[in-house]
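Q: Hi! Could you walk me through the structure below?

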Amino acid sequence: MEISAVLFYVFAGLAVISALAMVLNVRNTVAAAMSLVVTMVSIGGIFVLLDAYLVAALQIMVYGGAIVVLFLFVVMLLNLRTDDFPPVGLRLAKLGGGLLVVVVVSAIPRLLGGVFPEIPAAPTGYGGYRALGIALYTDYVLLVEMVSLLLLAAIVGALILAKRKID
Amino acid sequence: MVPIEHVIALSAALFTIGVGGVLIRRNLIVILMSIELMLNAVNVALIGFNRMWPGIEGAPRMDGQVFVLMVITVAACEVAVGLGILISMFRNRDSVNIDEVNLLKW
C-alpha cells in the first residue's frame, strides 16, 4: 500500500475515534473540545491528501485555531468544565439513533464495493491559492458578497445577544 | 490514492457521530460542537468529490473547494451566534441544559 493511502486511513481512524470521544465524553467539556481539535486537524490532513492545500490550511486555522478556542472561551468563562447533564434516556432518541446507525452501517459496505471510477490525476495548480482565488473572484463573486454580508450580520447578532443590557 | 468510496464512508461516519451527539447530549455546548462535526463531514464529502472531478490541465475546477470555504464561513457565523445565545441563556437560567428551554417544543 502506498504511503498516502496509509496516511489516509490513519487520519480517518483518528478523526472517527476523537469524534466518538467528543460525543461520548459525558464528564469533562474541556476534554470534549480538545477531542474536537484532534478531529479538525485530522480532517485537515485528509484535505492535504486530497490535494486541497489551501482549504486544509484554512481548516486548521479557522476550526482548530478560532472556533474551538471560542468554545473553550465560553466553557471557561461560564465555568462549565464539568458536564452535569447525563445523556437522554428517551426511547425516541434511542430508537432514532439505532435506526440511523443501522442505515449507515448497512450502506457503508455497499459504498465500499466500488461505484465510482479511479480518482484521476489532478491538473497543475489544483488546490492552490491561485486557482481558488480565480474561482472565488470570477464565478463566485456574488457568493463572496453574500457571505460577507452574513458575517457582518453574525457579528452584530452575536454582540447584541451576548450584551448584558441593550441601551 | 484511496478510492473515493472510502472518503465518502468517512464522511458518512462522521456525520452519523454528529447526529448521534445532537440526539443524545443535553449540554448545549456539546450539541453545538456536534453540529460543527456534521458540517465538517459534509466538507470531507465536498473535497472528495471535487478531487474526483478536478478539471483539465490548465483549467482546474475548484467549485467544491469554494463551497467548502463558504461552509466554513457559515459555520463560524453559526458558532458566534450560537455561543451568544448560550451566554444569554446561562445568564437567565444559570444552566446550559436544553431540557430547560423547551417552550417552543411541540
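Q: Which residues of α2(B) and α3(B) meet?
A: First, this is a predicted model: local features need pLDDT of at least 70, side-chain atom pairs count only at pLDDT 80 or more, and totals for chains, interfaces and linings use all residues. Residues are numbered from 1 along each chain as its sequence is written, with chains lettered from A and ligands numbered from 1 in the order in which they are written. In α2(B), B:L28, B:I29, B:L32, B:E36, B:L39, B:V42, B:N43, B:L46, B:I47, B:F49 and B:N50 meet B:D63, B:G64, B:Q65, B:F67, B:V68, B:V71, B:A75, B:V79, B:G82 and B:L86 of α3(B). Contact means C-beta atoms, placed from the backbone, within 7 Å; helices are DSSP runs (H or I, at least four residues), numbered from the N terminus.

Q: And at what angle do α2(B) and α3(B) pack?
A: About 175 degrees, with the axes 9 Å apart. Axes are lines fitted to C-alpha atoms over the stretch in contact, and angles run from 0 to 180 degrees between N-to-C directions. So α2(B) is roughly antiparallel to α3(B), a term for angles over 145 degrees.

Q: What classes of residue are in that contact of α2(B) with α3(B)?
A: There are 14 nonpolar, five polar and two charged residues. Ala, Val, Leu, Ile, Met, Phe, Trp, Tyr, Cys and Pro count as nonpolar, Asp, Glu, Lys and Arg as charged, and the others, Gly among them, as polar.

Q: Switching topic, how many residues does each chain put into the contact of A with B?
A: Chain A gives 72 residues and chain B gives 65 residues. The elements of chain A with two or more residues on that side are α1 (3-24), α2 (29-49), α3 (53-77), α4 (91-112), α5 (129-137) and α6 (141-162). By class, chain A's side has 60 nonpolar, ten polar and two charged residues.

Q: Which residues touch the most other members of the largest nonpolar core?
A: Those are A:I46, B:L14, B:I29 and B:M33, in a core of 64 residues. Such a core is a set of buried Ala, Val, Leu, Ile, Met, Phe, Trp, Tyr and Cys residues joined through C-beta atoms within 7 Å, where buried means 20 or more other C-beta atoms within 10 Å of the residue's own. α2(B) gives the most to this core, eleven residues.

Q: What does B:M33 contact, beyond its neighbours within four places in sequence?
A: B:M33 contacts A:M22, A:A32, A:A33, A:L36 and A:F71.

Q: Last one: how is chain A divided?
A: Into domain 1 (1-90) and domain 2 (122-167), with bounds from an automatic or database domain assignment. Their C-alpha centres lie 22 Å apart, and the contact takes four residues from domain 1 and six residues from domain 2.

Methods:
Two residues are in contact if their C-beta atoms, placed from the backbone, lie within 7 Å. A residue is buried if 20 or more other C-beta atoms lie within 10 Å of its own, exposed if 12 or fewer, and partly exposed in between; C-beta atoms are placed from the backbone. Angles under 35 degrees count as roughly parallel, over 145 as roughly antiparallel, 65 to 115 as roughly perpendicular and the rest as oblique.
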